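Try each one before reading its solution.

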Amino acid sequence: MSNNRRLENQGSLAKKFGKSRTFVSLSLNKQSVTRASENLVNEIYEYLHEKYGI
């Protein structure tokens with residue numbers, strides 16, 4: 001995701017998915033390993049893949 005920092009950042013992803021930036025950060029950095037974090041990371045991956053072909 002760091003390569004596409006100009007396209008999306010943790011704040012914009014948090015707003016898009018209705019989560020706090022802290023929760024997004026902890027989830028993406030694997031510091032939170034709850035089911036909700038796993039689901040969020042999967043949703044973000046799918047979103048970025050569909051939107052940017054990442």
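**Exercise 1: The start and end of H1**

At the start of H1, a side-chain oxygen of Asn-9 comes to within 2.9 Å of the backbone nitrogen of Gly-11. Bear in mind that this is a predicted model. Now find which residue just after H1 takes a positive phi.

*Solution.* Step past the end of the helix: Gly-18 has a positive phi of about 70°.

**Exercise 2: The buried side of H1**

Work out which residues of helix H1 (residues 10–17) are buried, and how they are placed around the axis.

*Solution.* Begin with accessibility: Leu-13, Ala-14 and Phe-17 are buried in H1. Next, look down the axis: these residues cover an arc of only 105°, so they lie on the same side of H1. Finally, ask what covers them: the cover includes H2 and H3.

**Exercise 3: Ser-27 in its surroundings**

Decide whether Ser-27 is buried or exposed, and list its contacts beyond four places in sequence.

*Solution.* Leaving aside neighbours within four places in sequence, Ser-27 contacts Ser-32, Ser-37, Leu-40 and Val-41. With Ser-37 there is a polar contact of 3.0 Å between the side chains. As for Val-41, its C-alpha atom is 6.6 Å from that of Ser-27, although the two residues are 14 residues apart along the chain.

**Exercise 4: A loop residue**

Describe the location, phi and exposure of Lys-30.

*Solution.* Lys-30 sits in the loop between helix H2 (21–28) and helix H3 (35–52). Its phi is near 60°, a positive value in a residue other than glycine. With a relative accessible area of 70%, Lys-30 is exposed.

Note on methods. Residues numbered from 1 in each chain as written. Predicted model: local features only at pLDDT ≥ 70, side-chain atom pairs only at ≥ 80, totals over all residues. Heavy atoms only, no water. Helix = DSSP H or I, 4+ residues; strand = E, 2+ residues; numbered from the N terminus. Buried < 20%, exposed > 50% of the residue type's maximum accessible area, 1.4 Å probe, protein only. Arc of directions from axis to C-beta. Contact = heavy atoms within 4.5 Å. Polar contact = N/O pair within 3.5 Å; in protein donor to acceptor, adjacent residues only side chain to side chain.
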